[in-house]
Amino acid sequence: MTDSLKTPHRRLICESSNKALTLQNAGRFSVNWFILFNDALVHAQFSTHHVFPLTTLWVESIPEENTGQYGLKVITPEETFTLLALSPMDKTKWLRSIQQAVDQALSGSGQDGAPVITGLGQRVEPPVCRTASYTFYKEGRLRDATYEGSWCAGKPNGRGVLKWPDGRIYTGTFKNGLEDGFGEFIAPNKTLSKSDFYEDMRTVKSTTDPFRTTCGHGHGMLRSGKLNTSSPSVFIGQWLQDKKAGYGVFDDITKGEKYMGTWQDNQRHGTGVVVTQFGLYYEGTFKENKMMGTGILVSEDDTMYEGEFSDDWTLSGKGVLTMANSDYLDGSFSGEWGSGLKVTGSYFKPHLFDTDKDKARPLKLGRLCVCAEEKWRSVFEECWSQLGCEEPGQRENQKAWENISAALTSNRKHIQDRSSPVTSGPITAERYDAIRLYLIKACDTPLHPLGRLLETLVAVYRMTYVGVGANRRLLPQAVKEIKSYLNRIFQIVRLLFPELPEEGSLIPDVNTSVQEQREQDASDTPVLAAKPGVVVSGSSLLLPILLPRLYPPLFTLYALDSERDDDVYWDCVLRLNKQPDHALLAFLGVQRTTFTPSDKLQVIQLTFEEITQEVQTLLKQDFLWSMDDLFPVFLYVVLRARIRNLGSEVSLIEDLMDPCVQHGEHGIMFTTLKNFDGTATQIHSEAAAGGAPTEPGFTLPSFLCTIC
């Protein structure tokens with residue numbers, strides 16, 4: 001035993017032969033010897049001994065009035081036992097010696113070979129919660145596993161990493177010694193069977209006690225395929241007792257398909273959407289992992305079928321098949337899509353029989369898929385839970401802030417964020433701006449519940465709409481999903497700031513309101529102008545934070561959706577820009593990348609102002625624009641700017657524009673830009689038909705000719 005305990009920096013502090021210390025409830029003939037070193041407490045019995053590292057050891061004094069004995073309770077990750085001293089003085093000396101040794105071991109000073117002072121100086125109590133590493137040795141699922149992270153009173157509690165010798169790794173949060181909360185579990189397997197086809201590499205992010213029964217539960221991710229593959233099949237969504245249940249997205253690289261819908265017992269069940277790498281789109285009902293029931297199937301060339309399905313891509317029953325040219329078949333179908341169909345029914349050509357009854361009507365997608373508010377409910381429920389709310393919508397403001405403080409201070413690097421960020425009181429424009437700045441900081445902090453929520457939402461959004469999911473028919477769903485994020489996050493913001501008014505409310509500017517009141521008091525006429533202030537909007541408050549993170553996949557969908565129109569527009573721009581004009585390009589001077597619609601509208605406004613300023617300088621007088629003069633000038637400027645994907649930009653602004661600015665000055669400017677996009681396309685069409693562009697129906701003002 002002596003040789004095994006020898007290490008270069010280990011020093012003896014005390015041992016129970018000269019300070020009597022015994023084990024409670026020890027056998028009559030047992031021999032127990034306790035040795036305290038500067039890094040460990042050793043318990044020796046006959047020829048065996050066990051070493052308890054001090055970094056994961058807790059000691060408490062047992063009140064003497066309860067037992068009549070001088071006891072010390074020792075807590076370790078796998079054992080808890082009671083030591084008995086012969087006298088109060090011996091108990092005090094052992095308690096102080098162990099506490100000082102633990103404290104110095106945690107601080108690192110106990111590792112330099114200096115002996116620990118055991119005098120009667122200032123009492124030192126090591127922290128109950130600490131960060132340390134420990135390797136489990138007892139039989140059980142944690143045998144030989146090493147845990148490194150946060151501890152509290154002998155149990156893993158907080159964030160940490162648990163590693164097994166066979167390669168399994170869990171990284172995430174713990175509670176009372178068990179994996180609990182949001183985390184990642186990776187388990188490599190040596191063999192692959194049909195029953196566990198996905199277990200080559202497995203990742204589960206869970207929300208509530210996921211491994212109390214060693215199974216995944218809550219929101220999580222699973223990767224299937226070879227352990228070292230760079231592109232495995234991935235499922236991300238909700239789990240229930242280690243089975244896919246609820247809403248989830250599965251990217252199947254073996255089939256080149258992506259499913260976005262509901263699950264039950266590891267099978268696709270309910271409503272969902274499937275897109276393929278070949279451009280096929282299906283939305284409808286699933287049963288027992290198959291397309292079964294009513295559904296809509298659309299091919300890349302816009303051929304569309306709406307009707308009954310009996311299996312994956314297999315038509316069976318009544319339906320309507322609409323061709324790309326609007327001709328359609330109405331009848332009974334059978335067969336697999338792409339392998340020949342048997343049809344019994346009627347064929348219609350609406351353009352030949354020009355009646356309202358027979359005219360083909362555009363089919364709106366999205367009716368047979370999961371609505372945006374039902375997607376990723378478990379992710380938002382986890383955020384509400386982290387804020388101390390058992391159910392979404394509960395108003396426990398004080399408890400929410402306490403949980404945020406606890407989350408931020410769980411890591412010493414973030415202790416400075418503990419204080420309350422925004423002073424309480426009525427909402428003013430200044431305080432509204434302070435809330436906005438706080439949300440920006442919170443969403444950039446991974447330890448903050450809002451930061452963790454945003455990080456997860458970005459991951460699931462990219463998982464859904466990147467790769468095979470970059471299908472132009474998913475654009476409406478992608479936009480609705482972002483709007484759903486904004487609404488649900490805004491509810492959480494109102495939990496943190498309950499005095500924040502509802503969506504659409506006006507926060508008046510105090511200084512401006514006082515000035516207006518004075519002017520009204522000094523004048524007999526009432527002030528009819530609209531009161532200035534800030535309109536409370538989840539879009540204006542949160543979209544600048546969320547959209548830059550989601551912009552790449554979202555704009556890719558816009559570009560795919562407007563690809564044909566943008567190609568026509570770009571061809572038009574190239575035709576009308578044969579002669580370079582560097583002066584106009586320098587005049588535009590847009591030097592920064594914009595993401596949100598408000599930023600883009602601001603660029604349009606600055607362009608209008610620059611045009612007006614240039615005209616006023618030329619005419620040397622004030623000039624009031626009419627639309628007949630303004631539109632051709634703006635058309636000229638936009639053409640010279642050579643804006644790629646203008647149609648996509650226009651569509652994005654229109655879909656995500658804040659409603660409060662649609663009818664104001666920005667709304668008029670946006671309408672002008674939108675009309676230009678249509679005019680440019682018309683010019684191109686006329687040029688393609690006649691060989692040269694015709695007059696667009698307006699003339700350039702004389703001052704513009706001078707500028708040019």
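Mentor: With burial: a residue is buried under 20% relative accessible area, exposed over 50% and partly exposed in between, using a 1.4 Å probe and protein chains only. This is a predicted model, in which local features need pLDDT of at least 70 and side-chain atom pairs count only at pLDDT 80 or more, while totals for chains, interfaces and linings use all residues. Residues are numbered from 1 along each chain as its sequence is written, and side-chain values use heavy atoms, with hydrogens and water left out.

Trainee: Okay, how many salt bridges are there in the whole structure?
Mentor: The search finds 18. A salt bridge here is a side-chain nitrogen of Lys or Arg within 4 Å of a carboxyl oxygen of Asp or Glu.

Trainee: Which residue does aspartate 302 meet in a salt bridge?
Mentor: Arginine 564, at 3.6 Å from N to O. Aspartate 302 sits in the loop between β20 (290-298) and β21 (304-311), and arginine 564 in helix α10 (residues 563-576), so this pair ties together parts 262 residues apart in sequence. Helices (H or I, at least four residues) and strands (E, at least two) are DSSP runs, numbered from the N terminus.

Trainee: And how exposed is aspartate 302?
Mentor: Aspartate 302 is partly exposed, at 25% relative accessible area. Arginine 564 is exposed, at 54%.

Trainee: What about glutamate 373, which partner does that have?
Mentor: Arginine 488, with the closest N and O atoms 3.8 Å apart. Glutamate 373 is in the loop between β24 (342-348) and α3 (377-386), while arginine 488 belongs to helix α7 (residues 475-496), so the pair links parts 115 residues apart in sequence. Glutamate 373 is partly exposed at 38% relative accessibility, whereas arginine 488 is buried at 8%.

Trainee: New topic. How many cavities of 30 Å³ or more are there?
Mentor: Four. On a 1 Å grid over the protein atoms alone, a cavity is a set of points where a 1.4 Å probe fits but cannot get out, and lining residues have an atom within 4 Å of a point. Grid points are joined across faces, edges and corners, and a volume is the space filled by probe spheres set on the points.

Trainee: How much space lies in the largest cavity?
Mentor: About 70 Å³. It is lined by 11 residues, and Phe182, Val379, Glu382, Arg452 and Thr456 are the closest to its centre. α3 and α6 (449-465) each supply at least two residues of that lining.

Trainee: And what lines the second largest cavity?
Mentor: Cys443, Leu450, Leu453, Leu454, Ile489, Leu542, Ile545 and Leu546. α6 and α9 (538-561) are the elements that give two or more residues to this lining. The second largest cavity holds about 50 Å³ of space. Its lining divides into eight nonpolar, no polar and no charged residues. Nonpolar covers Ala, Val, Leu, Ile, Met, Phe, Trp, Tyr, Cys and Pro; charged covers Asp, Glu, Lys and Arg; the others, Gly among them, are polar.

Key: On a 1 Å grid over the protein atoms alone, a cavity is a set of points where a 1.4 Å probe fits but cannot get out, and a pocket is an open set with protein on both sides within 12 Å along at least five of seven lines; lining residues have an atom within 4 Å of a point.
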